Amino acid sequence: MAAGTARNFPVIREAIGHADALYGFKSGFDRQALNLGLKSGGYWPGNADKGLTNHQSTVFLFDADTGRCQAVVGGNLLTALRTAAASSVSIKHLARQDAKVIGMIGAGHQAKFQLRAALEQRNFEKVIGWNLHPEMLVNLQEVADEAGLPFEAVELDGMREADVIITITSSFDAILKADQVSPGTHIACMGTDTKGKQEVDPQLLVMADVFTDEVAQSISIGEAQHAVAHGLIQAADVAQIGAVINGTNPGRTSDAQITLFDGTGVGLQDLAVAATVVERARAAGAGTEIAF
Ligand code: NAD
């Protein structure tokens, strides 16, 4: 995206007036990888009672030369993995090399994936966590145990100890205040992917250098929507993480700087992950070939 060879198409998200469902599409095209396709799905709140996941999605990949359908891939697990990969990539490129303490705000389904992927990026020595519903913190404890790291439940003030913070909640109000973040911290805000949602104090986006997957989404449905709406920052203050990865933006330039990644989730991530899965499935002789 930052190189200008891949783009996302406008997102569709609609209440369908049945089963309280929100349904939509995320799509895009990567001209270099030739990934063309869409993720279709949404949120069915009644699914839990049927023993199904409320979030449901399926990825469709198309041949960029002919438009023929190439693959249909289940998207539920892949969404969890690509979202975890996104904050992990932001840590790789923006966190201090000597980061030791990782702080988690949120302890639901997605939090476990985010924490697992984050732990791969630095030599973390401790996990700390806060969640509105403390009984869910056991999810974070489990991942810390897997990695052989100590876990400590903290109050929000305790987040000052963290070198890296990931927020992954469905909150509609700022949870983390600006004075609860220490200089040099990298924050990955991953929960806010809809208009109205919010996880951190807008002042944090003024203090921090802000990066995102897609600027248009960041300022409309991402964490930056609030700071922009209050006139505290502008779209031009939000940089693409792809530019840091490509080396055209320096990213972190000092140990005292706060960096903030606003991860909103884009269709190109879904296509990239699904295309890799299809390639690996072909190589392993897995998957089902259908003639049509
Ligand atoms: P979940 O329902 O399993 O967990 C929700 C979490 O939010 C829990 O930790 C819960 O305690 C907390 N929470 C709920 N209401 C809250 C409130 N009012 N204030 C503070 N915390 C609150 O959901 P999940 O699957 O873990 O997803 C978490 C969030 O991540 C959702 O908002 C989801 O839309 C978002 N998400 C974003 C992306 C992306 O690409 N950015 C991808 C997947 C999910």
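Good morning. I begin with a pair of helices, H1 and H8, whose crossing is right-handed. Please bear in mind throughout that this is a predicted model. Its mean pLDDT is 97, and 100% of the residues of the protein reach 70 or more. For the complex, the predictor gives an ipTM of 0.99 and a pTM of 0.96.

Let me return to the two helices. Two packed helices are described by the angle between their axes and the distance between the axes. H1 covers residues 76-94 and H8 covers residues 267-284; the angle between them is about 115°, and their axes lie 10 Å apart. On the H1 side, the residues that meet H8 are Leu78, Thr79, Leu81, Arg82 and Ala86. Their partners in H8 are Gln269, Asp270, Val273, Ala274 and Val277. By class, this contact consists of 6 nonpolar, 2 polar and 2 charged residues.

I turn now to the ligand. How many residues surround the ligand, and which are the closest? There are 23 in the shell, and the closest are Gly108, Gln110, Thr169, Ser171 and Gly265. Two elements, H1 and helix H2 (109-119), each give two or more residues to this shell. H2 gives the most, with 3 residues. As to composition, the shell has 15 polar residues, 7 nonpolar residues and 1 charged residue.

Let us take Ala118, which is placed in H2, as an example. Why does Ala118 count as buried? The reason is that Ala118 has 25 C-beta neighbours inside 10 Å, and the cut-off for burial is 20 or more. Beyond its neighbours within four places in sequence, Ala118 is in contact with Ser87, Ser88, Ile91, Ile102, Val164 and Ile166. Phe172, by comparison, is 54 residues from Ala118 in sequence, and the two C-alpha atoms are 24 Å apart in space.

Asn131 is found between S8 and H3, and Asn131 counts as buried because it has 21 C-beta neighbours inside 10 Å. Its contacts, leaving aside neighbours within four places in sequence, are Gly106, Ala107, Met136 and Leu137. Asn131 and Ile175 are 44 residues apart in sequence, with a C-alpha to C-alpha distance of 9.8 Å.

Finally, I would draw attention to two backbone angles. Most residues other than glycine have a negative phi. Ala19, however, has a positive phi, near 55°. Ala19 is found in the loop between strand S2 (12-15) and strand S3 (22-30). Is Ala19 buried or exposed? Ala19 is exposed, because 10 other C-beta atoms lie within 10 Å and the limit for that class is 12 or fewer. Leu34 also has a positive phi, near 60°, and is found in the loop between S3 and strand S4 (35-43). With 13 other C-beta atoms within 10 Å, Leu34 is partly exposed.

Thank you for your attention.

Key. Residues are numbered from 1 along each chain as its sequence is written. This is a predicted model: local features need pLDDT of at least 70, side-chain atom pairs count only at pLDDT 80 or more; totals for chains, interfaces and linings use all residues. pLDDT is the predictor's confidence in each residue, from 0 to 100. Axes are lines fitted to C-alpha atoms, for helices over the stretch in contact, and angles run from 0 to 180 degrees between N-to-C directions. Helices (H or I, at least four residues) and strands (E, at least two) are DSSP runs, numbered from the N terminus. A crossing is left-handed if the near helix is turned anticlockwise from the far one by less than a right angle, and right-handed if clockwise. Two residues are in contact if their C-beta atoms, placed from the backbone, lie within 7 Å. Ala, Val, Leu, Ile, Met, Phe, Trp, Tyr, Cys and Pro count as nonpolar, Asp, Glu, Lys and Arg as charged, and the others, Gly among them, as polar. A residue is near a molecule or strand if its C-beta atom, placed from the backbone, lies within 6 Å of it.
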